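The sequence and structure are shown below.

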Amino acid sequence: PNLKQPPGVPLPPRIKQMPEGVESPRSRPLFNNCWGCRVLTGSGVIAAGAYVFQAARRTMRRGGPTSMGTVAQVTFAVCLASWGIVILTDPVGKFDQKK
């Protein structure tokens, strides 16, 4: 597309380079390597996964048929628990520290 700048509207300023030693906001870790923050968040997400799994299991215990919704609940619960484990172990931060 060939778009023209409307008359009287200034051009946007060019993006300047970041000074050396200053990290961009995207390069910072999500939890700033705070162990307490990772433990609290990771265990909370794992607990949420356990809660969702228990809700699906309760339906199956009552003798109800295993529907696609129940399978989706169990899958979502496993995903939540896995995400909590990833937050706790912080594999990205450990990989960067070894370099």
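Which residue just after helix 2 takes a positive phi? D90 does, with a phi of about 50°.

## Basis of the model

The model is predicted: local features need pLDDT of at least 70 and side-chain atom pairs count only at pLDDT 80 or more, while totals for chains, interfaces and linings use all residues. Residues are numbered from 1 along each chain as its sequence is written, and side-chain values use heavy atoms, leaving out hydrogens and water.

## Overall architecture

Three helices and zero strands make up the elements of the chain, in the order α-α-α from the N terminus. Helices (H or I, at least four residues) and strands (E, at least two) are DSSP runs, numbered from the N terminus.

Of the 99 residues, 13% count as buried; buried means under 20% relative accessible area, exposed over 50%, and partly exposed in between (1.4 Å probe, protein chains only). The chain exposes about 8,600 Å², of which carbon and sulfur atoms supply 64%; these areas come from the Shrake-Rupley method with a 1.4 Å probe. Among contacts (heavy atoms within 4.5 Å) with a separation of 6 or more, 68% are between residues 24 or more positions apart.

## Annotated regions

An unreviewed UniProt entry lists residues 35–56 and 68–89 under "transmembrane region"; such annotations may be inferred rather than shown by experiment. Residues 35–56 are 100% helix and 0% strand, with end C-alpha atoms 32 Å apart.

Residues 68–89 form helix 2, whose 22 residues reach 32 Å from the first C-alpha to the last. This is close to the 32 Å expected at 1.5 Å a residue, where the expected span is 1.5 Å times one less than the number of residues.

Helix 2 has the buried residues T70, A77, L80, G84 and I87. Seen down the helix axis, these residues fall within an arc of 105°, so they line one face of helix 2; the arc is that of the directions from the axis to the C-beta atoms. The face turned away from the buried side carries the exposed residues M68 and W83. Helix 1 (35–61) is included in what covers the buried residues of helix 2.

## The nonpolar core

V45, V52, A77, L80 and I87 form the largest nonpolar core, meaning a set of buried Ala, Val, Leu, Ile, Met, Phe, Trp, Tyr and Cys residues joined through side-chain atoms within 4.5 Å. Helix 1 and helix 2 are the elements that each give two or more residues to this core, and helix 2 supplies the largest share, three residues.

Leaving aside residues up to four places away in sequence, L80 touches V45, A48, G49 and V52.
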